[in-house]
Amino acid sequence: MMENSRNGTLTRLEEHLLPGRTPLLNKISELQTEISQLQEAVVSHTVVDQAIGVVITLGGLHPEQGFQVLREVSQHTNTKLRQVSD
């Protein structure tokens, strides 16, 4: 099968060659998108956890306080928590 190099979805040619499979191909595309989002979430969660560890170590805080510090910085600077944690 040929793939569109931009987003991995099947081309119109393939949809023409596989009549009746469009719903299945759409579901595959949706699942691929979901997998990518979940993989990114796992990485983001790890980065945030590491940042919390740094904050609690340097500040002598409890883990809940470390998260609260990061969250407050995120909110007051209008920056995503992941970016604050990087």
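Predicted model: local features only at pLDDT ≥ 70, side-chain atom pairs only at ≥ 80, totals over all residues.
Guide: Residues are numbered from 1 along each chain as its sequence is written, and side-chain values use heavy atoms, with hydrogens and water left out.

Visitor: What makes a stretch a helix, and how many helices and strands are there?

Guide: Helices are DSSP runs of H or I with at least four residues, strands are runs of E with at least two, and both are numbered from the N terminus. By that count the protein has 4 helices and 0 strands, so the order reads α-α-α-α.

Visitor: Why are H2 and H3 called roughly perpendicular?

Guide: Helix H2 (residues 22–59) and helix H3 (residues 63–76) pack at about 110°, with axes 8 Å apart. Axes are lines fitted to C-alpha atoms, for helices over the stretch in contact, and angles run from 0 to 180 degrees between N-to-C directions. Under 35 degrees is roughly parallel, over 145 roughly antiparallel, 65 to 115 roughly perpendicular, and the rest oblique. So H2 and H3 land in the roughly perpendicular class.

Visitor: Which residues make that contact?

Guide: Contact means heavy atoms within 4.5 Å. From H2 you get Val48, Ala51, Ile52, Val55 and Ile56, and from H3 Pro63, Gly66, Phe67, Val69 and Leu70. By class that's 9 nonpolar, 1 polar and no charged residues. The nonpolar class is Ala, Val, Leu, Ile, Met, Phe, Trp, Tyr, Cys and Pro; Asp, Glu, Lys and Arg are charged; the others, Gly among them, are polar.

Visitor: How do you know that Arg82 and Asp86 form a salt bridge?

Guide: You need a side-chain nitrogen of Lys or Arg within 4 Å of a carboxyl oxygen of Asp or Glu. For Arg82 and Asp86 the N to O distance is 2.8 Å, so the pair qualifies. The structure holds 1 salt bridge.

Visitor: Are those two residues buried, partly exposed or exposed, and what decides that?

Guide: Buried means under 20% relative accessible area, exposed over 50%, and partly exposed in between (1.4 Å probe, protein chains only). Arg82 has 29%, so Arg82 is partly exposed, while Asp86 has 66% and is therefore exposed. Of the protein's 86 residues, 13% count as buried.

Visitor: Where is Arg82, and what does Arg82 touch?

Guide: Arg82 is in helix H4 (residues 81–85). Setting aside neighbours within four places in sequence, Arg82 is in contact with Val43, Ser44, Val47 and Val48.
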